[in-house]
Amino acid sequence: MIQLASVTIGVLLGISTAAALLIAVLRAARGLRQRRRAERAAAPRRALLALAAGGEGAPELEAVAGMPDDAWRAVEPTALDLLAKVRGEARESLAEVFARRGVVARALRDLRDGRPITQARAAELLGRLGRREAVPALCSLVADPRAHSRRGTVTGVRAELRVVAIRALGRLGDPSAVAPLVSSLGGADPAPSQLVAHALIQLGPDAAPALMTALNAPQPLVRMTVLDALGRLGAAGAEQRVAALLHDDPSPSVRETAATALGRLGTGSALRPLLDAANSDESLALRASAVRALGQLGAREAIAPLTALIASPHYRIAHEAAGALRRLGSAGHATLRELAGRSGTDGAGAHAREALGMAELTGQR
Amino acid sequence: MTTVLIAEDDEDIRDLVVFKLEQAGFTVIAAPDGTAALAAAQAQTPDLAVIDVSMPQLSGLDLCRLLRADPRTAGTLIIMLTARSQEGDVEAGFSAGADDYIVKPFSPRELTSRIRALMQRHGREEARRSEALG
């Protein structure tokens, strides 16, 4: 029995020693491979940095555009990373290299390849390179019926491809992408709404007219996402339509989002609809959103109504009113100090003191 | 010769800035994190430091405060180079003691120009102070 145990221990020791040796050898081999790769990449990398650093122009561009394929393969990931980190002349030079080496033409072909991973790689590259000629193909990927399985659900890798295509469309900033992006929110498997909202915002103010049209969509999720985008874009001229949705939309969630969007739009005409919503008999959630938006609006005319709202028996409303006064700058802070200094233990004083404390913490005083 | 410290954990950006600044004639010290940058700054007292905000071990803002608090490095000019572009982030950078703030994606050419401008302005101020003293 003891002999058997000794043999077992011996065998286990042998196995573990062999495994440790194997791991050490594999690590050494990997380290060697990485060193060799780094050595091979050193000269091309230096040429790439010289180009991105913005040398005299032609020689640096030729050095990278004309380098052998294996050297380019060694630095292509760095070039791709740098595209997102630099701007101006440096970015233009890097983008030019991708075009000169035929990478752009290949990526445009790959977008229609049919293999999701190849398509996703091409979409990511073309988005980073800012190649607007890729927009139609990317739009078809966002709404591609092949992205749906027979059961009508988006399968894993296809869903990932759609995410990459949405991100690329945002980077490209072409307003013609509004409709496909918005339509990706419909159907049985909507795209992630925050991702779509971010892409819509990246399209810039030129996308506002198409976004206004999209507010007619029957799905509340679409209207909410578009409202979010319009608010964050600060889309001038959208106030009336957004105020109408705040008042009339059948979905409470859409009305709340409309309140937030009105606050972000920051125009004087948003004051009345927000005050009406804040003092209405709507849900507390909607009233709280409207009160918060009054603070974002930055209108001094909101100080008196907010001073009344801070005395609301509803904690949420009073708390948001104090927060809104805090955001209204020195005049709002003066009101909070006055409320905080009143004797007694009323709720308004407590909310005012909390808001002033927050202002102190966030350096707003 | 002007010595510039670059504190940046992103190897690509660090190497690019080093390349650009050396090309522009500066002596450059590179550090991959806040702690290494602090040690390098205390040992070599650079004229100017380009500091990323998000770095391991010691953040760029903390590094900035420590440089300002140390008499050896209190006079080092500081440029924050960061992807954080919100109003509050910029304000935090200046509150920590930065002299300038550059948002990524950045232009290497613009960075060089800002370093030169800051150095010149600082040189003029120093000269004016010396004149006033006597």
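The model is predicted, so local features need pLDDT of at least 70 and side-chain atom pairs count only at pLDDT 80 or more, while totals for chains, interfaces and linings use all residues. Residues are numbered from 1 along each chain as its sequence is written, and chains are lettered from A in the order in which they are written.

Select chain A to begin. Chain A holds 20 helices and zero strands; helices are DSSP runs (H or I, at least four residues) and strands likewise (E, at least two), numbered from the N terminus. The C-alpha trace of chain A spans about 80 × 70 × 55 Å along its principal axes. Of its 365 residues, 41% count as buried, that is, with 20 or more other C-beta atoms, placed from the backbone, within 10 Å of their own.

Next, select residues 252-265 and 271-278 of chain A, which are helices α14 and α15. Their axes (lines fitted to C-alpha atoms over the stretch in contact, with angles from 0 to 180 degrees between N-to-C directions) come within 10 Å and cross at roughly 145°. Ala259(A), Leu262(A) and Gly263(A) of α14(A) meet Pro273(A), Leu274(A) and Ala277(A) of α15(A); contact requires C-beta atoms, placed from the backbone, within 7 Å.

Finally, show chain B beside chain A. Their contact takes 14 residues from chain B and 15 residues from chain A. On the side of chain B, α1 (11-23) and α5 (108-133) each give two or more residues, and α1(B) gives the most, with seven residues.

Note on methods. Two residues are in contact if their C-beta atoms, placed from the backbone, lie within 7 Å. A residue is buried if 20 or more other C-beta atoms lie within 10 Å of its own, exposed if 12 or fewer, and partly exposed in between; C-beta atoms are placed from the backbone.
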